[in-house]
Amino acid sequence: MATAPNAHAPLAERLRPRTLGEVIGQQHLLGEGMALRLAFESGQPHSCILWGPPGVGKTTIARLMADSFDAQFITISAVLGGVKDIREAVEQAQAARDGLHPQRTIVFVDEVHRFNKSQQDAFLPHVESGLFTFIGATTENPSFEVNSALLSRAAVYVLQPLTEDDLRAILAKARAIDAVPAIEDAALDRLIAYADGDARRLLNTLETLAVAARREQLDSVTDAWLLRVLGERMRRYDKGGEQFYDTISALHKSVRGSDPDAALYWFVRMLDGGVDPRYVARRLIRMAAEDIGLADPRALRLALDAAEVYERLGSPEGELALGECVVYLAVAPKSNAVYKAFNEVRAFVKRDGTRPVPLHLRNAPTRLMKSLDYGKDYRYAHDEAGGFAAGENYFPEGMAPPVFYEPVDRGLEIRIGEKLRELRRLNHQAD
């Protein structure tokens, strides 16, 4: 069972939940009958990945899981650790398993996406053998950042940013132990917005304010005093409420509207506001796919390259590559034809029945499948005139061939449109 924190410990540590019932937020996972709650109640720990933004309870949940299963808890930071730390964790787990009083071990890897493939692979044999339960925490999409082999052996739980009500509840707990002075409503609203769903940020800021308020012998924290004490931090890091989303919206709309100057302005505003450049990079990749598409396929490759350059150089050098990408996307020809077609097809498939694949389009790797006419009468396009099997139907039988993708008359899609019109003409002639 977790011990009470030292009175001189940081506020975030003093308020860290000691039982599952004390956890604020994440009720979609921890509420009655929810996935993680059932895992706690099962008595059988299992390997998992906790995916969510900073300060939402990933480490807390991992620690509570260790307490719940009376397991040894070993923490590894992927930012600072390496293979040596993994080896030591294995040795500690073996000692706990083979001791006079055998004990389970939970190995918690913070920022697991920072480990490379070989480092992540080092966990696999021990996870499979049951030597320890693996819990990884990540702020990045595990589909891209965690090895598929490790991912297949771990359940993925998605944690959400804490709500405004969650943050107010945490603030109430801080007040209950007299850790913070009284705070006026306007200042409180600003702090909640500034925290942006991150409990650790809220508590660290409250701790800073408490020290400053005691030094100045204040009875309460006003909004004006708050801005004076944290003015620069507030300006540079205030991602709360609408401001953060309004700014990224302005960047996206400026790129879509082909205004490179405005796009650069909003891009730098985001950097100055403390936004993680990796987040901007992900949004630029999305813009390249959604708003430019096949009008200029190079845009998507350039966005991916810019993201990679930033990963290699970091700030501030890598930000220039992102800036180049912003300008390129803004001046590139625009098309959302693929974006629209993709959404239309998704909607169509969702409301349509599950139609069987026509026999002539099915694969026939076995004699039995061939005897059942799988692949029969399929026309191999490379053997046809112009490499095109005019008149062939690739949709399910009985389904009128719809037209989802309609290229725009901009950029490369002008030529794509010409090509499709010619192919449709040949299809019409063959009917």
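Analyst: E207 is partly exposed, with a relative accessible area of 24%. That value comes from a predicted model. Buried means under 20% and exposed means over 50%, so 24% falls in between. E207 sits in helix α12, which covers residues 199–215.

What does E207 touch, leaving aside its neighbours within four places in sequence? The contacts are A9, P10, L11 and R14.

Q119 belongs to helix α6, residues 117–121. Setting aside residues up to four places away in sequence, Q119 is in contact with G81, G82, V83, I86 and R114.

Next, the cysteines. C48 is buried, with a relative accessible area of 0%. C325 is also buried, and its relative accessible area is 0%. A disulfide is a covalent bond between the sulfur atoms of two cysteines. The model has 0 disulfides, counting pairs of cysteine sulfur atoms within 2.5 Å.

Now the whole protein. It contains 21 helices and 7 strands. Its radius of gyration is 28 Å. The globule rule gives 22 Å for 431 residues. The value for this protein is well over that, so the protein is more spread out than a compact globule. The C-alpha trace spans about 85 × 60 × 40 Å along its principal axes.

How much of the chain is buried? Buried residues account for 40% of the 431 residues. E207, by contrast, is partly exposed.

Contacts in the protein can also be sorted by distance along the sequence. Taking those with a separation of 6 or more, 71% join residues 24 or more positions apart.

Last, surface and charge. The accessible surface of the protein is about 23900 Å². Carbon and sulfur atoms hold 53% of that surface. There are 53 positive and 60 negative side chains. The centres of these two sets lie 2 Å apart.

Back to the residue you asked about. E207 is a helix α12 residue, is partly exposed at 24%, and has A9, P10, L11 and R14 as its contacts beyond four places in sequence.

Methods
Residues are numbered from 1 along each chain as its sequence is written. This is a predicted model: local features need pLDDT of at least 70, side-chain atom pairs count only at pLDDT 80 or more; totals for chains, interfaces and linings use all residues. Side-chain values use heavy atoms; hydrogens and water are left out. Helices (H or I, at least four residues) and strands (E, at least two) are DSSP runs, numbered from the N terminus. The radius of gyration is taken over C-alpha atoms; the globule rule is 2.2 Å times the number of residues to the power 0.38. Buried means under 20% relative accessible area, exposed over 50%, partly exposed in between (1.4 Å probe, protein chains only). Contact means heavy atoms within 4.5 Å. Accessible areas come from the Shrake-Rupley method with a 1.4 Å probe; for residues, only the protein chains shown count as cover. Lys and Arg count as positive and Asp and Glu as negative; His and the chain ends are not counted. The place of a charge is taken as NZ of Lys, CZ of Arg, CG of Asp or CD of Glu.
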